[in-house]
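Please read them with the sequence and coordinates open beside you.

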Amino acid sequence: MADVVLASEAPTEVVIATLQQIVNRVWLQDLDNIDRLARWIRCLLTLALSSNIEMAENLIDQVHSIAQSARAVRSAAALCIAHSSPLSADNEWVQRTTTYPGEELEWVATTTFNRAIDFYCAAHDGACRRWAEKAIGLADLGEDERRLHRLLQAKYLGLAWDR
């Protein structure tokens with residue numbers, strides 16, 4: 001469905017609104033398919049960054065929420081298996097329950113941080129701080145032993161606010 005929307009010649013606002021509805025439905029109904037959801041969010045975020053910055057910011061918050069929820073579900077399921085709870089019989093489900101795809105999470109975090117730097121260069125310090133903090137929060141959810149988190153945090157702390 002999303003492919004049809006992206007291939008259409010509909011106005012960008014219509015494509016964005018339609019993709020947002022698809023993302024919302026998939027998020028509520030099919031969290032087992034987080035890889036596909038992440039790809040759709042990337043498409044939607046790419047479009048929103050160029051035409052609807054408020055929607056882009058809301059999407060970033062949505063990614064954070066999805067990634068945090070998926071991580072919590074997987075952690076809880078792994079804990080149940082470790083303690084031989086009745087859920088351990090459903091080990092296949094736990095294996096399918098994945099965290100937000102690492103490459104996609106890294107892309108969203110770095111794209112968000114890059115936008116923060118755009119705001120910084122335009123002297124929109126409030127937006128810069130907000131977006132940089134969102135990027136750092138996303139990077140903290142990655143499974144790269146917090147490398148991206150530390151990198152973004154160091155770059156953020158290196159910004160000169162007294163210009």
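1. Tyr-120, Tyr-156 and Trp-161 come together as one aromatic cluster in this predicted model, and the count of aromatic pairs comes to three. In one of these pairs, that of Tyr-120 and Trp-161, the ring centres are 5.4 Å apart and the planes stand at 90°, so the arrangement is classed as edge-to-face. The pair links distant parts of the chain, given that Tyr-120 belongs to helix 6 while Trp-161 sits in the segment after helix 8, 41 residues apart.

2. On the overall fold, the protein chain holds eight helices and zero strands, which gives the pattern α-α-α-α-α-α-α-α when read along the sequence. Of its 163 residues, 38% count as buried, and the accessible surface comes to about 9,400 Å², with 52% of that area belonging to carbon and sulfur atoms. Among contacts between residues at least 6 apart in sequence, 63% join residues that are at least 24 apart.

3. The largest nonpolar core has 44 residues, and the ones with the most contacts inside it are Ile-41, Tyr-100 and Leu-152. Two or more residues are given to this core by each of helix 2 (12-29), helix 3 (34-51), helix 4 (53-82), helix 6 (102-121), helix 7 (125-140) and helix 8 (147-157), and the largest share, nine residues, comes from helix 3. As background, nonpolar side chains in soluble globular proteins tend to be buried together.

4. Which residues does Tyr-100 contact, leaving aside its neighbours within four places in sequence? They are Ile-34, Ala-38, Ile-41, Val-63, Ile-66, Ala-67, Ala-70 and Leu-105, and of these Ile-41 has itself been named with Tyr-100 among the residues with the most contacts inside the core.

5. Helix 7 has 16 residues and spans 22 Å between its first and last C-alpha, close to the 22 Å expected at 1.5 Å a residue.

6. As to the cysteines, the count comes to zero disulfides. Cys-121 is in no disulfide, and its nearest cysteine sulfur, that of Cys-128, is 8.4 Å away, where a disulfide would call for sulfur atoms within 2.5 Å. Cys-121 is classed as exposed because its relative accessibility is 64%, whereas Cys-43 has a relative accessible area of 27% and is therefore partly exposed.

7. Two backbone angles deserve a look during checking. Phi of Ala-123 is near 60°, a positive value in a residue other than glycine; Ala-123 lies in the loop between helix 6 and helix 7 and, at 53% relative accessibility, counts as exposed. Phi of Arg-146 is likewise positive in a residue other than glycine, near 65°; Arg-146 is placed in the loop between helix 7 and helix 8, and its relative accessible area of 39% makes Arg-146 partly exposed.

Conventions
Residues are numbered from 1 along each chain as its sequence is written. This is a predicted model: local features need pLDDT of at least 70, side-chain atom pairs count only at pLDDT 80 or more; totals for chains, interfaces and linings use all residues. Side-chain values use heavy atoms; hydrogens and water are left out. Buried means under 20% relative accessible area, exposed over 50%, partly exposed in between (1.4 Å probe, protein chains only). A nonpolar core is a set of buried Ala, Val, Leu, Ile, Met, Phe, Trp, Tyr and Cys residues joined through side-chain atoms within 4.5 Å. Helices (H or I, at least four residues) and strands (E, at least two) are DSSP runs, numbered from the N terminus. Contact means heavy atoms within 4.5 Å. Accessible areas come from the Shrake-Rupley method with a 1.4 Å probe; for residues, only the protein chains shown count as cover. The expected span of a helix is 1.5 Å times one less than its number of residues. Rings of Phe, Tyr and Trp (its six-membered ring) pair if their centres lie within 6.5 Å; planes under 30 degrees apart count as stacked, over 60 as edge-to-face and the rest as tilted.
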